[in-house]
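I want to go through this structure entry by entry.

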Amino acid sequence: MRYVLLIFAFSLFAYSKCNCECVNGEVQTICENSYDYKPVCSPRVCPVVPPSVAPIDSGYITPPGFSQCSQKQVYNDNARIYEWRGVCE
């Protein structure tokens, strides 16, 4: 029984949908759900955020468990540029 609980607990952490990303020039944890396990982000230097005008907020509803959502610049490692994304906290 103890092993089943250990495997279940590990599977929760292994499949959490949280990532450490550069948001507005600082490392921040971004999660898909408010109940996901937030990892501790290792320190790293984020690229400088270029000046940009935020897109018009679409006024979407904040998902349950989050207090607010807003548009932020998130660094895309593949394209090597900042992109505007809706980020909920």
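In which strand is C18 found? I looked it up in the model, which is a predicted one. C18 is in strand β1.

I checked burial next. C18 has a relative accessible area of 9%. The cut-off for buried is under 20%, so C18 counts as buried.

Then I asked which residues C18 touches beyond its neighbours within four places in sequence. I found T29, I30 and C31, and also D36, Y37, K38 and P39. I followed up K38 from that list. K38 is 20 residues from C18 in sequence, yet their C-alpha atoms are 6.1 Å apart in space.

**Entry: D36**

D36 sits in the loop between β2 (26-31) and β3.

Does D36 count as buried or exposed? D36 is buried, and I found no salt bridge for it. K17 carries the nearest side chain of opposite charge, 6.9 Å away. The cut-off for a salt bridge is within 4 Å. I did note a polar atom of the D36 side chain 3.3 Å from the backbone nitrogen of N33.

**Entry: salt bridges**

Side chains of opposite charge can pair when their charged atoms come close. How many salt bridges does the whole structure hold? My search of the whole structure gave two.

I took R85 and E21 to begin with. Their closest N and O atoms are 3.4 Å apart, and the two form a salt bridge. R85 belongs to strand β4 (residues 81-88) and E21 to strand β1 (residues 18-23), so this pair ties together parts 64 residues apart in sequence. R85 is partly exposed at 32% relative accessibility, whereas E21 is buried at 14%.

I then turned to E89 and K72. They form a salt bridge too, with the closest N and O atoms 2.3 Å apart. E89 lies in the segment after β4, while K72 lies in strand β3 (residues 69-76), so the pair ties together parts 17 residues apart in sequence. E89 is partly exposed, at 38% relative accessibility. K72 is buried, with a relative accessible area of 13%.

**Entry: recap**

Both bridges are now logged: R85 with E21, and E89 with K72. D36 stays on my page as a buried residue without a salt bridge.

Conventions
Residues numbered from 1 in each chain as written. Predicted model: local features only at pLDDT ≥ 70, side-chain atom pairs only at ≥ 80, totals over all residues. Heavy atoms only, no water. Helix = DSSP H or I, 4+ residues; strand = E, 2+ residues; numbered from the N terminus. Buried < 20%, exposed > 50% of the residue type's maximum accessible area, 1.4 Å probe, protein only. Contact = heavy atoms within 4.5 Å. Lys, Arg positive; Asp, Glu negative; His and termini not counted. Polar contact = N/O pair within 3.5 Å; in protein donor to acceptor, adjacent residues only side chain to side chain.
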